[in-house]
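Please keep the sequence and the structure in view while reading.

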Amino acid sequence: MNRILVTGAGGQIGSWLVPKLRELYGGPAVLATDIRTLDAEMVEAGPFQVLDATDPHAVGQAVMRHHADAIFHLAAILSAVGERDPRLAWHVNMGSLEAVLEVAREQSCAVFTPSSIGVFGPDSPKNPAPQDTVMRPRTVYGITKVAGELLCDYYHSHYGVDTRGVRFPGLISYGAPPGGGTTDWAVDIFYKAVEQGRYTCFLAEGTQLDMMYMPDAVRAAIGVMEADPDRLVHRNAFNVTAMQLTPEALAAEIRKHVPGFEIDYDVDPVRQSIADSWPDRIDDTTARQEWGWKPDFDAVAMTADMLTHLKG
Ligand code: NAD
Ligand code: AKB
């Protein structure tokens with residue numbers, strides 16, 4: 001990777017990934033793009049372009065003009081927003097992936113595409129969900145992610161495109177807010193803890209999901225792209241995780257830093273049913289074996305770091 005184009009650069013992941021890529025590969029080498037204009041920090045630190053990733057012609061032009069040899073494809077609609085507007089989720093998630101893969105095939109680019117724990121469904125083993133198992137998700141988001149993993153595999157096996165990806169768990173970060181997922185509670189809880197000392201959670205007590213702190217997610221994205229291709233068997237769908245959290249366990253950890261912090265529950269049935277269909281824990285042994293994946297942050301270290309930054 002020398003010259004990189006990032007789609008969906010203004011989102012929760014892109015707002016962390018783009019600065020890291022610019023630090024590693026040089027500011028001018030990383031073209032940030034999004035369907036909307038972004039804040040000055042992103043736009044002034046390197047090249048930026050408004051780009052609808054579902055438009056194959058526009059993506060092709062941008063890749064050609066930037067002389068990109070790698071695309072980090074982050075533009076997508078997440079799980080909760082996807083259940084509100086399934087056709088939009090299909091259009092954006094599949095339309096943009098097809099556009100990016102075709103451009104990558106024509107212009108010889110490597111492609112990173114994040115998949116998700118959303119690929120699993122109620123028929124998948126819950127604890128742990130293995131690397132290779134039954135995947136029959138019930139959300140349109142999950143369906144696009146399974147289809148996306150398979151399409152990326154297809155472009156690799158049939159056209160030799162260097163496609164790679166990971167199945168991210170819920171990602172926790174400060175800065176750009178999450179884009180409308182089922183795991184957003186694990187970000188919201190920190191902001192409410194600092195601002196109000198209490199949080200009303202939209203998932204029920206006892207709902208356990210995999211999570212990861214954003215610095216680890218950024219390392220995973222870059223790590224899989226820099227991995228020795230000869231060692232990769234799976235390529236597009238590596239389970240990666242760092243911790244398993246329930247709302248009450250994270251609240252207890254936050255309480256160590258915010259005395260008296262309280263949590264209560266007002267369950268949203270849509271997001272609860274999505275969470276209930278996802279595993280309690282995924283097994284990331286394959287990523288550890290094939291490219292040396294290992295997270296730096298557990299729940300204790302992540303909570304301390306989040307609160308240090310949010311309290312200023
Ligand atoms: P996000 O919703 O925060 O950001 C998505 C970005 O894409 C936004 O800036 C939005 O403006 C942009 N976008 C939407 N439609 C677009 C289009 N047509 N063309 C160009 N840009 C468009 O999402 P995120 O959390 O940064 O997620 C990025 C990727 O990682 C997605 O594929 C998501 O499924 C995956 N993922 C995220 C998480 C997580 O917890 N954040 C977990 C698993 C997988
Ligand atoms: C979501 O909740 O939709 C995302 C994800 C885990 O894919 N955070």
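How do the residues of the shell around ligand 1 divide into nonpolar, polar and charged? The shell has 14 nonpolar, nine polar and four charged residues. The model is a predicted one, and every value below was computed from it.

**The surroundings of ligand 1**

Ligand 1 is surrounded by 27 residues. The closest of these are Gln 12, Asp 34, Arg 36, Tyr 141 and Lys 145. Several elements of secondary structure contribute to the shell: strand S6 (115-116), helix H6 (140-159) and strand S9 (170-172) each provide at least two of its residues.

The position of ligand 1 can also be described in terms of domains. Domain 1 (4-169 + 213-239) and domain 2 (170-211 + 242-282 + 292-311) both contribute residues to the shell, and therefore ligand 1 lies between them. The space that ligand 1 takes is the largest pocket.

**The surroundings of ligand 2**

The residues around ligand 2 are Leu 78, Ser 79, Ser 116, Ile 117, Tyr 141, Pro 169, Gly 170, Gly 181, Thr 182, Thr 183 and Trp 278. By class, this shell consists of five nonpolar and six polar residues, with no charged residue.

| Residue and its atom | Ligand atom | Distance |
|---|---|---|
| Gly 11, polar backbone atom | Ligand 1, oxygen | 3.2 Å |
| Asp 52, polar side-chain atom | Ligand 1, nitrogen | 3.0 Å |
| Ala 53, backbone N or O atom | Ligand 1, nitrogen | 2.9 Å |
| Ser 79, polar side-chain atom | Ligand 2, oxygen | 2.5 Å |
| Ser 116, polar side-chain atom | Ligand 2, oxygen | 2.6 Å |
| Thr 182, backbone N or O atom | Ligand 2, oxygen | 2.7 Å |

Taken alone, ligand 2 exposes 250 Å², of which the protein buries 93%. Ligand 1 has 830 Å² of accessible area on its own, and the protein covers 92% of this area.

**Two features of the backbone**

Two details of the chain itself complete the description. Asn 127 and Pro 128 are joined by a cis peptide bond, with omega at about 0°. Pro 128 belongs to the loop between S6 and H6; these two elements also supply residues to the shell around ligand 1.

His 67 is located in the loop between helix H3 (56-66) and strand S4 (70-73).

Technical notes
Residues numbered from 1 in each chain as written. Chains lettered and ligands numbered in written order. Predicted model: local features only at pLDDT ≥ 70, side-chain atom pairs only at ≥ 80, totals over all residues. Heavy atoms only, no water. Near = heavy atom within 4 Å. Polar contact = N/O pair within 3.5 Å; in protein donor to acceptor, adjacent residues only side chain to side chain. Areas by Shrake-Rupley, 256 points an atom, 1.4 Å probe, with all protein chains shown as cover. 1 Å grid on protein atoms, 1.4 Å probe; cavity = no way out; pocket = protein on both sides within 12 Å on 5 of 7 lines; lining within 4 Å. Sits in = over half its atoms within 2 Å of the grid points. Helix = DSSP H or I, 4+ residues; strand = E, 2+ residues; numbered from the N terminus. Nonpolar A, V, L, I, M, F, W, Y, C, P; charged D, E, K, R; others polar. Domains from an automatic or database assignment.
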